[in-house]
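Here are my notes for anyone opening this entry without having seen it before.

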Amino acid sequence: MNIPSLKISSNNKLLALFVLLGFYGCAQQQPSSQIPGLTPIPSVVLVVPHDTISLTLAEKNDIASLRMVLNVAGLRCSEISDSSLMESRPKGYNLMVVPYATAKMLDDSSTQIILNSVKLGNNLITDGQSTLALKLGVRFLPTSITTSKMRDSRFSPNTLYWTTPSEIIPFDDDALSDSTLAYDEVTKQPIALIGRYGKGRYISIATLFDPNTRQGTARFPFLVEWIEHDLGIARIAERA
């Protein structure tokens, strides 16, 4: 990998190095300790499934899309396998991202490790209908809807169109004590929400974040803004 040379003053070389690390993707690394005098770069862990052979194309796209959005936001991102949660017991991260493909493979012990992390103050993003989402307190409707148009509750007054309509199971708004981030325009049913679990916060998306591309652009264009404004995790890069 060739990192472009930059003309940087000596006082800023260390900070520039950390910024560059944020742009060069999710690496196999543990969160580093904070250096006095420097604003810490948010540290994120993407929990990936140990079994990738059985994944569908939609699930592979979803993982790639979440990874892409984190990279675009300039968030320093580590990756660990769900099978290593018991051993590594990750800590010191600002955000854990658990895609549906991973969440569906979690055993009870691994699920509890993630829940305990959130309860102690970590932030979490997860998508799809899973045991992890249910244990966070999220409730889904018993029937599905077909979504092709949605609204974002925070950052756009306009209708957002999905190029590929999808059948999804929305959240049960009668049992909803959390804040809606996005909803289906026709039924008004919530399809993305933010809630609290113990001292931590989580974003739950009722369907796959983006099963159609590997760029994270097909469905929920304001995930970066949700991370920044609703989870309070500052990005170090601006989207074009």
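1. What share of the residues in the chain is buried? Buried residues make up 51% of the 240 in the chain. Bear in mind as you look around that this is a predicted model. The chain has seven helices and 10 strands, and it exposes about 11,900 Å², with carbon and sulfur atoms supplying 51% of that area.

2. Next, a word on how the chain folds back on itself. Take the contacts with a separation of 6 or more: 68% of them are between residues 24 or more positions apart.

3. Six of its six residues are buried, so β2 is largely enclosed by the rest of the structure. Look at either face and you'll find it covered: S43, V45 and V47 are buried on one side, and V44, L46 and V48 are buried on the other.

4. Who are the partners of β2? One is strand β3 (residues 76–81), which pairs with β2 in the parallel sense over six bridges. To get from β2 to β3 the chain passes through helix α2 (residues 57–72), and this β-α-β crossover is right-handed. If you want to trace the pairing by eye, S43 has R76 as its bridge partner in β3, and V47 stands opposite I80. Strand β4 (residues 95–98) also runs parallel to β2, joined by three bridges; there, V97 is the bridge partner of L46.

5. Is β3 mostly covered or mostly open? Mostly covered: six of its six residues are buried. R76, S78 and I80 point one way from the strand, while C77, E79 and S81 point the other way. Note that R76 and E79 are among these buried residues, so don't expect to find them out on the surface when you colour by accessibility.

6. Now move to strand β5, residues 123–127, where I125 sits. With a relative accessible area of 3%, I125 is buried.

7. Setting aside neighbours within four places in sequence, the contacts of L124 include L95, M96, V98, I114 and V118. L132, L136, R201, Y202 and I203 are in contact with L124 too.

8. What about aromatic rings? A search of the whole structure finds five aromatic pairs. In one of them, F209 and F220 have ring centres 6.4 Å apart and planes at 20 degrees, so the pair is stacked. F209 and F220 are 11 residues apart, both in the loop between β10 (200–205) and α7. F209 is buried at a relative accessible area of 1%, and F220 also counts as buried, at 1% relative accessibility. W162, F209, F220 and W226 form one aromatic cluster.

9. W226 leads us to helix α7, residues 223–230. Six of its eight residues are buried, which leaves the helix mostly covered. The buried ones are L223, V224, E225, W226, I227 and D230. After α7 comes G232, with a positive phi near 75 degrees.

10. One backbone detail to finish. Most residues other than glycine have a negative phi. K188 is not a glycine, yet its phi is positive, about 70 degrees. You'll find K188 in the loop between β8 (179–184) and β9 (190–197). Is K188 buried or partly exposed? At 49% relative accessibility, K188 counts as partly exposed, because the exposed class begins only over 50%.

How values were computed:
Residues numbered from 1 in each chain as written. Predicted model: local features only at pLDDT ≥ 70, side-chain atom pairs only at ≥ 80, totals over all residues. Heavy atoms only, no water. Buried < 20%, exposed > 50% of the residue type's maximum accessible area, 1.4 Å probe, protein only. Helix = DSSP H or I, 4+ residues; strand = E, 2+ residues; numbered from the N terminus. Phe/Tyr/Trp six-rings, centres within 6.5 Å; stacked < 30°, edge-to-face > 60°. Contact = heavy atoms within 4.5 Å. Areas by Shrake-Rupley, 256 points an atom, 1.4 Å probe, with all protein chains shown as cover. Pairing = 2+ DSSP bridges. Right-handed = clockwise from strand over helix to strand, strands pointing away.
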